[in-house]
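Have a look at the coordinates first.

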Amino acid sequence: MTAIVAVLNKHAVAVAADSAVTMGDTHKVVNSANKIFTLSKYHPVAVMTYSNAAFMGVPWDIIIKEYRKELAKNSFEKLKDYIDDFIIFLHKRLFFCDEETQRDYLKLLLDSFVKICRDELSRQNRFAAEELTTEQLKEKFISYKENLKKVEKCPEFGHYAYYEFKKQYYALVKEYSSQNGVNLSDELCEAFFCYLSAKLETPMNTGLVFVGYGENEIYPSLYPLNVSLAVDGRLRYYVDKDRIVEISDHGCATSIVPFAQIDVTQTIVRGINPTFRHILYDVISDTVSNVLEIIANHLTKDDSTAAMAPIIQGLDTSSITKDAIQTIQQQMFNCYTEPLLQTVIGLDKEDMANMAESFIALTSLVRRMQPREETVGGPVDVAVISKGDGFVWINRKHYFKPELNATFFQNYFRK
């Protein structure tokens, strides 16, 4: 697991990341991972990674450094243009894997999809996944398909027809279906295609957070990109539009954006833990319903008012709950978020770096105090990116001693 954060204002963007990484499907956590990379040696652009550290078996640091080498001294007018070019690069390099590897990873994603369906059915019906009937699983696939059709598709899957996918991969789905006792090849194939096409996070998802400046931009931007795998010459990716940050004169002036394990940072920024916030909202909804129930019960005790009881019980309280939630959110923003953001607006580069590092350090401390594995920890890498100074490391771990490796730094800018 990971914790990364970016703090932006008009002066610069400060980024910080921990070093913890979980090894495969084990509970082994090592504190040596690098999650912040310069995207260019010459321009103020960087990328942070979280979730999966590899793309279909190829470590992301290799892919990013290969792109950096090909980019050389080239630059783009806007930060989002780097993302477009990076996606073109992945296509040009054939996704750094062969067709057989792509099929293997597609099969892994298929297996994950079936497990998701089984687990949801198991929770809904409150019995073990192995007790599910074929008919129940069939209904789940059909229901999933219909719901996923309403979800926006990934860019390269918008014009990818089901018959094309079926022609290419139906045999793979049928083989998996027979090997795992599903025996619903047609329903599974169609539902899985909808899952594959939709803008949803998958177990194979990697978050790539592009930060910095384009040539024509004087304020920093942040663009989160989610990438999963490649299928039939198509890259499954999408930009998380809800989390894009573009600092400007007449729009957003500052922002604090955490990724991966975000609960501690959000608690500080919003004034309430995200988990407790949901509990609070549920309590409000239940309380309003209970009040109506009490009133209805009281009305039934008198024959003259008994007829009103069903009407009171049937009242729609969603608008009351919604108004209460919005009031709480506004109060939290006014009391906690806005004063903090107003402070960040005027911070200089050094203070922004300290703030970003503190968010990661606090997340690590909270994980250390909890009775679970420490999924955030190790040295905290911190960097500041500004228009004038470019990319500057504040804290950075090395797997070697810099003073013994002068040639490494001499070769960095060599073509």
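How far is the sulfur of Cys 154 from the closest cysteine sulfur, and which residue holds that one? The partner to look at is Cys 194, and the gap is 12 Å, too far for a bond. Keep in mind that this is a predicted model.

Cys 97 is in none either, since the nearest cysteine sulfur, that of Cys 154, sits 17 Å off. Are Cys 97 and Cys 154 buried or exposed? Cys 97 counts as buried because its relative accessibility is 16%, and buried means under 20%. Cys 154 has 0% relative accessibility, so it counts as buried too.

| Residue | Relative accessibility | Class |
|---|---|---|
| Cys 97 | 16% | buried |
| Cys 154 | 0% | buried |
| Ser 255 | 13% | buried |

Now for the sheet. It's an open one, built from 5 strands in the order E13-E1-E2-E14-E15, with antiparallel pairing. At the edges you'll find E13 (255-260) and E15 (390-395), each pairing on one side only. On average, neighbouring strands are turned by 15° against each other, ignoring direction.

Zooming in, E1 (residues 3-8) and E2 (residues 13-17) run antiparallel and are joined by 5 bridges. Leu 8 stands opposite Val 13 in E2. Helix H11 (residues 349-369) packs on this sheet and touches E1, E2, E13, E14 (381-386) and E15. The direction of H11 makes about 155° with that of E1.

Back to Ser 255, which lies in strand E13. What does Ser 255 contact once its neighbours within four places in sequence are left aside? The list is Ala 6, Val 7, Leu 8, Val 245, Ile 247 and Leu 341.

Last stop, a helix pair. The axes of H3 (residues 99-125) and H6 (residues 185-197) come within 11 Å and cross at roughly 105°. That angle makes H3 roughly perpendicular to H6, because 65 to 115 degrees counts as such.

What does each helix bring to the contact? From H3 come Leu 106, Leu 109, Leu 110, Phe 113, Val 114 and Ile 116, and they meet Leu 188, Ala 191, Phe 192, Tyr 195 and Leu 196 in H6. By class, the contact of H3 with H6 has 11 nonpolar residues, no polar and no charged ones.

Key
Residues numbered from 1 in each chain as written. Predicted model: local features only at pLDDT ≥ 70, side-chain atom pairs only at ≥ 80, totals over all residues. Heavy atoms only, no water. Pairing = 2+ DSSP bridges. Helix = DSSP H or I, 4+ residues; strand = E, 2+ residues; numbered from the N terminus. Axes fitted to C-alpha atoms, helices over the stretch in contact; angles between N-to-C directions. Contact = heavy atoms within 4.5 Å. Parallel < 35°, antiparallel > 145°, perpendicular 65-115°, else oblique. Nonpolar A, V, L, I, M, F, W, Y, C, P; charged D, E, K, R; others polar. Disulfide = S-S within 2.5 Å. Buried < 20%, exposed > 50% of the residue type's maximum accessible area, 1.4 Å probe, protein only.
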